[in-house]
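Subject: Structure handover

Hello,

Here is the structure for you to look at. Please open it first, then read the notes below.

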Amino acid sequence: MTDQLKRAINAAKTAQTNDQQAEATRIASSSAGEQKFDMSESSYKTSHTAVRKARRFAMQGLYEWLVTDRRFDKDGKLGWKDNAPHDIAARTRATNAMHTVHIGYYHEMMRDIPEQIEALDTLISQHLDRDIDKLDTVEHAILLIGAYELQNRLEIPYKVVLDEAMKLNNHFGATDAHKLINAVLDKMATDLRDLEVQADIKANRRSSQKAAAPAAQQPQSQPKTADETKATTNADDTSETPTTTGKPRISANKAIKRPRANKAQANISDYRASKKASAQGHNEAAAAPTPESTAADVGLQDSNLVNSDEKSKD
């Protein structure tokens, strides 16, 4: 009996705990519209890439809301409204891998932009040359995100807002839609972030002046006089005059190309010259008469003369 009583007490405690948890879940879900999400919350991915992914999912969610509930609301078809922004966000989180997305910022845009749609559309219409209903739905969603960030997220620089809007258009929009989006957001930034825009203009002006200052400090080259031109011409003319070594001076403007002798050809020429000289010396030595050969030749000639006289006598 004691064991049964203990089990009954434990079951009652468990049921009470479950009821408390269910009540807390119901209260949290009912007050979800009043939650405030901080971009610096440590439980979210707060990197630049995570915030960019949050913008992409928010753009797709806003597009879906604009073509369903928002369109039905404007057309008076309230019975068709069954695709609220929080339902779109819940369905997106259930069907996508959101672990690398800034969930807080995504929920903030999906909650605040539909709530502020009238004010944001008024801001956008001030800088449009057409009716806002004539805008493409993708362009409308991108402009809503850009207008919301320019107005409510002052910690994000306006240049970053414009750049992220261009990236969203490159990913989802038409080819030439960036011209319209950039023009509208640029004018809107001038109205909503005038101090930031003017400070950026002054900073760019100072940097350009600093870059131009060193060029202005350099002395300008004066035109050469007639004497200086003549001296320069004479220097160029005398740059190729021979020096004490007999070699021409090589100037920087006119380089003299010296012929390179072929080493093998030079050796052959030297060999032929030496052979010719030795042959000529040998011939001269052979043609010169020695004393002995001269006496013998004279005696031979005398004997020839005697023999010829004797023959004539006979």
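A residue counts as exposed when its relative accessible area is over 50%, and as buried when that area is under 20%. Keep those cut-offs in mind for what follows. Please also note that this is a predicted model.

**Overall picture**

The protein has 314 residues, and 26% of them count as buried. It contains 12 helices and 0 strands. Read along the sequence, the pattern is therefore α-α-α-α-α-α-α-α-α-α-α-α. The accessible surface comes to about 22200 Å². Carbon and sulfur atoms account for 52% of that surface. Now the contacts. Take those between residues at least 6 apart in sequence: 65% of them join residues at least 24 apart.

**Salt bridges**

Side chains of opposite charge can pair when their charged atoms come close. How many salt bridges does a search of the whole structure find? The search gives 15.

One of them joins Glu149 and Arg55, at 2.6 Å from N to O. This pair links distant parts of the chain. Glu149 sits in helix H6, and Arg55 sits in helix H2 (residues 48–75). They are 94 residues apart. Both Glu149 and Arg55 are buried.

Another salt bridge pairs Glu108 with Arg153. Their closest N and O atoms are 2.4 Å apart. Glu108 lies in helix H4 (residues 103–115), while Arg153 is in the loop between H6 and helix H7 (158–172), so the pair ties together parts that are 45 residues apart in sequence. Glu108 and Arg153 are both buried.

Arg153 also meets Glu155 in a salt bridge, at 2.8 Å from N to O. Is each of these two residues buried or exposed? Arg153 has a relative accessible area of 12%, so Arg153 is buried. Glu155 has 51%, so Glu155 is exposed.

Salt bridges that share partners join Arg52, Arg55, Glu149 and Glu164 into one network.

**A buried charge without a salt bridge**

Look next at Glu139, in helix H6 (residues 137–152). Glu139 is buried, yet it has no salt bridge. Which side chain of opposite charge is nearest to Glu139? That is Arg130, 5.3 Å away. A salt bridge needs a side-chain nitrogen of Lys or Arg within 4 Å of a carboxyl oxygen of Asp or Glu. Leaving aside residues up to four places away in sequence, Glu139 touches Ala177, Leu180 and Ile181.

**On the surface**

Lys202, Arg205, Arg206 and Lys210 gather in a patch of positive charge on the surface. Lys210 belongs to helix H9 (residues 194–217). With a relative accessible area of 62%, Lys210 is exposed.

Glu115 is in helix H4. Its relative accessibility is 57%, so Glu115 counts as exposed. Glu115 and Pro85 are 30 residues apart in sequence. In space, they are 9.8 Å apart, C-alpha to C-alpha.

**Where to start**

Begin with Glu149 and Arg55, the buried pair. Move on to Arg153, which has salt bridges with Glu108 and with Glu155. Then turn to Glu139, which is buried and has no salt bridge. Finish at the patch of positive charge that includes Lys210.

Best regards

Terms used: Residues numbered from 1 in each chain as written. Predicted model: local features only at pLDDT ≥ 70, side-chain atom pairs only at ≥ 80, totals over all residues. Heavy atoms only, no water. Patch = residues over 30% accessible without salt bridge, like charges linked within 9 Å, V, L, I, M, F, W, Y side chains within 5 Å. Areas by Shrake-Rupley, 256 points an atom, 1.4 Å probe, with all protein chains shown as cover. Lys, Arg positive; Asp, Glu negative; His and termini not counted. Charge placed at Lys NZ, Arg CZ, Asp CG, Glu CD. Helix = DSSP H or I, 4+ residues; strand = E, 2+ residues; numbered from the N terminus. Buried < 20%, exposed > 50% of the residue type's maximum accessible area, 1.4 Å probe, protein only. Contact = heavy atoms within 4.5 Å.
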